[in-house]
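Biologist: Let us go through the labels on this model and test each one against its rule. Please show it first.

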Amino acid sequence: MDIAVALVPSLLFGALSLLLGAFPTDTRRQNTAVMVGAGAVSLMCSALLAVPWSPRATVWGAVCGLMWTGGQVFVLRAFRAWGVSRTMPLTTALQLLLNATLGVSLFGEWRAPGALPLGTVALALIMAGAAACSWQERTGPGPTSAQRRDGLLATAASAVLYGSYPSLLRAAHVPSAHAVGPMGLGLLAGAVLCALVLPRRSPLRGPRIAPAVLAGGLWAIGNALMLRSTAAVGVASGFTLSQLGFVLATVGGLTVLGEKRTGREQAVVAAGVVAAVVGLVLMGLATSMDSGPSSSG
């Protein structure tokens, strides 16, 4: 039962990407609505978790909410530039690479015998799989070279903002569960910033705002369930299972959203998904082998 619950966040995170890709709207409107949904539901989840709000958790959690806001803005830009099926595997892989690098260098992870080589192989598989998912034939359909460049830069920026805030909480000694509510405050502040800063091409109220609010709420629920699952099945297994959402987003981008790929590209994508999933499993094993210092998250 715990494993089944641990898989739910990956389904919610994957569905979030498909929902945003299926119902595009004005950039300012969509980003603002996502933050409102994510912030409001994060506050509700915090009330259900009944965790304390220390001054430290409030400050750093709000900062992390603002970081997630920036990551989401760049993800939506990447979606528009080169599609969901190219963005999600690559941003997932880059986040894992960043977290692993910070974990090894700052928090002494993968110190157990065999953990570092296994983790390195896992990262190589994940990165190779992500590259395969975003590969495009020269003569195939899909984004132009300029769109690919914009998509790659936006995806990389999203990965830095998404991937670094968990390590920031660890460095600040803030338990992840304690940051859920404060992150909601940061996300609502991010909604205000999106409304004020992003280009005002259309009014905030308009079509397709409800799917964006729902997508933000799905993320907040998935985030809370991920915290619950890491407590039940362990951080290594819980976090690894939560990252499998990229599989749903990649396959859904090709089938549900109709993102065009040649037959050869589809075969490479399938191989890339398999490689990335194997890499995720190996990364979970490497982390579970590790007997490094205790984590605050």
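Modeller: Trp110 sits in the loop between H4 and helix H5 (115-133). The model is predicted: local features need pLDDT of at least 70, side-chain atom pairs count only at pLDDT 80 or more, and totals for chains, interfaces and linings use all residues. Numbering runs from 1 along each chain as its sequence is written, and side-chain values use heavy atoms, with hydrogens and water left out.

Biologist: What makes an element a helix here?

Modeller: Helices (H or I, at least four residues) are DSSP runs, numbered from the N terminus.

Biologist: Why is Trp110 called buried?

Modeller: Buried means under 20% relative accessible area, exposed over 50%, and partly exposed in between, with a 1.4 Å probe and protein chains only. Trp110 has a relative accessible area of 7%, so it is buried.

Biologist: What is noted about the phi of Trp110?

Modeller: Its phi is positive, about 55°, although Trp110 is not a glycine. Most residues other than glycine have a negative phi.

Biologist: Why is Arg208 called partly exposed?

Modeller: Its relative accessibility is 41%, so Arg208 counts as partly exposed.

Biologist: Where is Leu204, and what does it touch?

Modeller: Leu204 is also in the loop between H7 and H8. Residues up to four places away in sequence are not counted, and contact means heavy atoms within 4.5 Å. On that rule Leu204 touches Arg28, Arg29, Thr32, Ala195 and Ile209. At 29% relative accessibility, Leu204 counts as partly exposed.

Biologist: What covers the buried residues of H5?

Modeller: The cover includes H4, H10 and H11. Among the buried residues of H5 are Gly119, Ala122, Leu123 and Ile126. Those of H11 include Val269, Ala276, Leu280 and Met283.

Biologist: Why is Leu125 called partly exposed?

Modeller: Leu125 has a relative accessible area of 27%, so it falls in the partly exposed class. Leu125 is found in helix H5. Leaving aside neighbours within four places in sequence, Leu125 is in contact with Ala275, Ala276, Val278, Gly279 and Leu282. Its C-alpha is 9.9 Å from that of Met283, 158 residues away along the chain.

Biologist: What makes a space a cavity, and how many are there?

Modeller: On a 1 Å grid over the protein atoms alone, a cavity is a set of points where a 1.4 Å probe fits but cannot get out; lining residues have an atom within 4 Å of a point. Points are joined across faces, edges and corners, and the volume is the space filled by probe spheres set on them. The count is 1 cavity of 30 Å³ or more. The largest cavity has a volume of about 30 Å³.

Biologist: Which residues line the largest cavity?

Modeller: Pro89, Thr92, Ala93, Leu96, Ile126, Phe246, Ala276 and Leu280. Helix H4 (84-107) and helix H11 (263-289) each give two or more of them. H4 gives the most, with 4 residues.

Biologist: How does the lining divide by residue class?

Modeller: Ala, Val, Leu, Ile, Met, Phe, Trp, Tyr, Cys and Pro count as nonpolar, Asp, Glu, Lys and Arg as charged, and the others, Gly among them, as polar. The lining then has 7 nonpolar residues, 1 polar and no charged.

Biologist: Why is Gln243 called buried?

Modeller: Its relative accessibility is 11%, so Gln243 counts as buried. Gln243 is in the loop between helix H9 (235-242) and helix H10 (245-255). Beyond four places in sequence, Gln243 touches Thr92, Leu96 and Leu280.

Methods: 1 Å grid on protein atoms, 1.4 Å probe; cavity = no way out; pocket = protein on both sides within 12 Å on 5 of 7 lines; lining within 4 Å.
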